[in-house]
Amino acid sequence: PQDFYESVHVPDKNLLIDEGRFDGVLDTQLYPFQQRAVTWMLKRESSSLQPASPGFYKSALDMYGAQCWINHLQGIVSRELPREQSTLSGGILAEEMGLGKTVELLALVSTNPRPVLPPGKIHDAPSGTSVLPSRSTLIVTPTSLTSQWRAELARHAPHLSVFQYEGIPTGSNVAPPEEDTLRVLSQDYDVVITTYNVLSKEVHFTEDPPDRNMRKARKFERKRSPLVQLQWWRICLDEAQLVESGVTSAARVACRLPRLNSWAVSGTPLRKDVQDLLGLLIFLRYKPFSDDGKVWSHLLTNHRHLFRGIFSEIALRHTKARIRDELRLPPQKRVVVTVPFSVVEQQNYTTLFNQMCEEAGLTHNGAPLAGEWDPNNPATIETMRSWLIRLRQTCLHPQVGGRNRKALGRGKNPLRTVAEVLEVMIEQNETNLRTEERNMLASRLLRAHILGNNRQDEHRAEKALEIYRSAATASEQMVLDARKKLANIKNANGELADIDSDGDDPSSESTPQLGGLRNGLRTALQLQHQCLFFAATAYFQIKTNETLTKADSEAFKQLEAQEVSFYESAKIIRKEILKGVHRKAEELMHRIEALNSKPSLFTKIRDLRSFGGIESRRIVEKSDELFDVIRESVDIIKEWRAKIAEYLLRPLVDEDDGMATTGDEYEDSTKSQDELYVYIDAFKAIHADLNTFITGETATLIDYEASTNLKKARWILNPETDPQTHDQGIHAPELLVRLFERRQQIRERQKEVGSVRALIQQARALETSIEWNNTGRSVAEVAIVKQHMADLQAVHSAYTKALTALEKDNELFRVTQNQRLEFYRQLQELSDDVSPYKGELDDTLDQQALGAAMFREDEASGTVAQLKTKNRFLLTLRDDNAGQSGPRTCIICTSTFEQGVLTVCGHQFCKECLSHWLAQRRNCPMCKRNLTNNDIHNITFKPRDIRAQEEVHVGSSTQQSPGANASAVSSSIYSDVDSALLEEIKSIDLPVSYGSKIDTLGRHLLWIREHDPGAKSVVFSTYRDFLDTLGTALHEFKIGYARLGKKGAVEKFRNDASIDCLLLDAKTDSSGLTLVNATHVFICEPLIQTAVELQAIARVHRIGQTRATTAWMYLINDTVEEAIYEISVARRLAHVQSRQQRNRRGETSRSTTPAPQLAEHAIDAANSDELQSAPLSKLLVAGKSGGEVVKNDDLWQCLFGKADQTERNALAGQTVDRHLRASAAEDRAAGGGL
């Protein structure tokens, strides 16, 4: 990109121009640089023809000394200098954003109208068509800018007549005569405005269709767009980078439009790289590049030296740095607002930061945890990059970004307030706590199993029993906690939730929470069941070991009593675990019993009486055969239905019924289930067959499944087949073959006997036939047929209802079958949980397995302690209104603290004091509870102070704030802002809190509404998700906003007094957008790529702005945002200082006194460098997630730069503070505690 920007033409400031020429041209006075630009543009459109490819031909002598002309670019040698076939009238206007490209174009239109319109049509050489000459200038612009163009024309050039062309009418819209349209566009208007969308829609009306041989001529003449039937005086492509490829529909139409002068207008003509310029050259018809794109690629590859010559001739660009002394823009200040996290947000951010460090293999200050850590590993880089994005999103709001929403369990649901985020954090922490407690108890039980399986140790059962009992005590507490939480949850009716209820009511909002708590209770009960069962087994082993216990002794009886007690307790818990599924199964079984007591669904079918009819005799005979098959089917259905009910009504295994569990219940039930599966499938098939006999409807899928299963079962029963080829999904193959062969015998008669509905249709046809013949017995025969039809219809109706009821019975059977199976599955699961550790005792103690179990137990125990302490902290925040009550005071030194610790017993101290205390005694200074490192949780209570710094110009005449450090100012470009303003903002009340950044931004907008009435703001972020979130909060705060990208957003922002701000994201195209009615720009996150934020600021701070403007940069301190901000400032300072040094050298050569505006020039030049350094598309992350591109070299500094700096500063500050706090702690310890 720099190659282009360094090549463009910049008119000399000393250029003599006829200033009087521009007097009265517009209602606005042109700046000097604009006058020079318009003068250059007039020259490009002057009658003197401009060569289309200057300098491509160079004179040379051949071997004979004769003159020839060589074109190295195209590889052409000629004896004579070729005459150019075309001219280039126009060029590229690439003024920097905000310098008035629109005004310059309007001055050109007003100054240089078409002199004379030739009569009639003229020939347009490029298109080879006859066109009508027009005096109009055609302006093609993005749809979002059409209203802005009309407003600018009305403001600056009201004398120009304007027409907006919206395309060829479609649908019901009646198009005016083509002649009238052409006349209007060619003679009546100075300016015609259209959009790229209109050009895209008219692509088929501008290009000739391919030639096709047609038998008949077209009835209607193909429409032609008026745009290609006119030779425009001038065509201007606004935001011309949109035709960069030259192959889009809009670009194809734009290139075909006949015109005399062509202008490509864009402040950012490069979206990616210099290849984008080819699309502009094609539009400008700059030969040879417009004819052959390969020539352009050849120039970029092999003839780069020609690049500068081309664009120095046809492109012009001013930057603010070059013409700053000519501008009269109102002042702009940049203020960075540093906002602290709330305690809840800080806890959430710290948790995520620690997860990032763990996943990346780094400490909290960025040091590698392992020596082989490779910073260039692609996986490591990608991990750090994804976490940087997530942490930046978290600084905006905990719900911004897909991973954050998923972590909060909300997906795309409404925005969470800080209180809601805290509740989610508590819920997630408690879930993790329950999981780790289960892991800890499971590891403890495994340790007991290993010790109890050591054959060499006679006391193995006693050692295992001690651990089992301690685990049983811990599991009992888990159960009590789970019961307490469940009992405190109220259902939708405000009543306490029933612990044994199903929680299946979808209308209850608490159903998900109830379900989670019930599952937690069930898991705790399972653990308690294991602990009690294994403890009872250990008592049995001690009792039966004659070495330890004598039979019938007092100790024997006590052990036996303990064994029975523990087994009985385990049985009670097992019954409670199975209570719910057992109850559901019993309810379904009772419903089946009730069905058995009801009368049969099928009424008895009586044969049709013949009544002596002759014609109807065939109906009677067919019905006899059909009714016999139906009766046989009904008998089978009754038989199989009874068999299914018999299986399903078998009692569930229960000790109270005198049926002891054997541990094989699941396996035994599976055998019965296999037979039940077969009966239910066969029942479903015979039900379908009966439906076919009644209605004639076939069940193709059921027939296919039945035939397939029958083939597979026969294959399994074939002794010659390989067992490995048998389908495991086939149940009870012998029974399946027997039942389905029986069903097959009935099904084979379907074609023979037909159906009841078919007989009804035959009878109806017979009735019609008899009435038509009208013989002597017709009346009697018709009466008989009608009676048969009535009897058949009665059978059809009765059996259709029966089949419908039977289908419901089949569904009840299926549900009951699954519920019984679930009961036995859970019972088998409980049996498996208490199965022996190993089949045989170990000859020696398994040291490796024991060590692994102890390691996992210690690890889980430490995690449990940490989670309990964290849970205490989170609950404290909930009770303390999310940590908003103010600073904390250390009980030891009685000083307030920001960085402190919270013990598992709920007491808070500053970190230094507790460290000195624990060095002497390992208990809590308040309650004397023993403490380990895992019982202490680091907490942060930062003061809720907002800080702001305003940009000042380094080396300028601006005075430093009182007490400012000179060295600090020399290394920064910001100074303090009045703290009273921040206090006023902070004191504004909001209805609800959505997080530090959103709350402060909302208060700031409300403050502007109160203290700067009518002022409007632009809120910018690179993350669309955040603007969605912010929009929800602004609606809650009663702050009106519009969202760029939504229909009519810009017009609402400009004209609707109720709209306070416009939400703008980096991905939504805002090119050319002028928002000078706004005076405040809020940058919601710091950016390394300054060019991204400058794009937003330039929408407001530009020519046309009449008020002072302020850009507010929001960031969260002590986070990655602060590190990113410091990187950005350092680089910007480097640019500024580099420019200053170059400017000073230039000034010193001419004068000994530096210019007062030296720093201002340097800052503007640095901004221009940023804008021109890379196209915006390369600075933003692709896709919908948003965000800017961060180079690999910057990742570590962004993530850990602030943490590393904070740690160094903290060490320096704590050196003095440590001694003060230590002495206070020692004095109190010496006094015997607190």
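Contact here means heavy atoms within 4.5 Å.

The mean pLDDT of the protein is 80, and 82% of the residues reach 70 or more. Two stretches call for some care. In residues 502-510 the pLDDT is below 50, and this stretch has 10 contacts in the model beyond near neighbours in sequence. Residues 953-975 also have a pLDDT below 50, with 37 contacts counted in that way. Where pLDDT is low, the predicted coordinates should not be read in detail.

Let's turn next to a sheet. Its three strands form an open arrangement in the order S1-S2-S3, and the pairing is antiparallel. Strand S1 (57-61) and S3 are the edge strands, each pairing on one side only. On average, neighbouring strands of this sheet are turned by 30° against each other, direction ignored. Strands of a sheet pair through backbone hydrogen bonds, either parallel or antiparallel. Strand S2 (residues 67-71) pairs with S3 in the antiparallel sense over three bridges.

Leaving out residues up to four places away in sequence, Ser 78 touches Cys 68 and Trp 69. The side chain of Ser 78 also has a polar atom 2.6 Å from the backbone oxygen of Glu 80.

Now follow the chain to the loop between helix H9 (277-284) and helix H10 (293-302), where Pro 288 is found. Most residues other than glycine have a negative phi, and most peptide bonds are trans. Lys 287 and Pro 288 are joined by a cis peptide bond, with omega about 5°. Arg 285 is found in the loop between H9 and H10 as well, and its phi is near 60°, a positive value in a residue other than glycine.

Our last stop is a pair of helices. Helix H29 (residues 979-986) packs against helix H30 (residues 996-1011) at an angle of about 105°, and their axes are 8 Å apart. Angles from 65 to 115 degrees count as roughly perpendicular, so H29 is roughly perpendicular to H30. Which residues meet where these helices pack? From H29 come Leu 981, Glu 984, Ile 985 and Lys 986, while H30 brings Thr 1000, Arg 1003, His 1004, Trp 1007 and His 1011. Sorted by class, the contact of H29 with H30 has three nonpolar, three polar and three charged residues.

Definitions and conventions
Residues are numbered from 1 along each chain as its sequence is written. Side-chain values use heavy atoms; hydrogens and water are left out. pLDDT is the predictor's confidence in each residue, from 0 to 100. Axes are lines fitted to C-alpha atoms, for helices over the stretch in contact, and angles run from 0 to 180 degrees between N-to-C directions. Helices (H or I, at least four residues) and strands (E, at least two) are DSSP runs, numbered from the N terminus. Angles under 35 degrees count as roughly parallel, over 145 as roughly antiparallel, 65 to 115 as roughly perpendicular and the rest as oblique. Ala, Val, Leu, Ile, Met, Phe, Trp, Tyr, Cys and Pro count as nonpolar, Asp, Glu, Lys and Arg as charged, and the others, Gly among them, as polar. A polar contact is a pair of N or O atoms within 3.5 Å; within protein, one must be able to donate a hydrogen and the other to accept it, and residues adjacent in sequence count only if both atoms are side-chain atoms. Two strands pair if DSSP finds at least two bridges between them.
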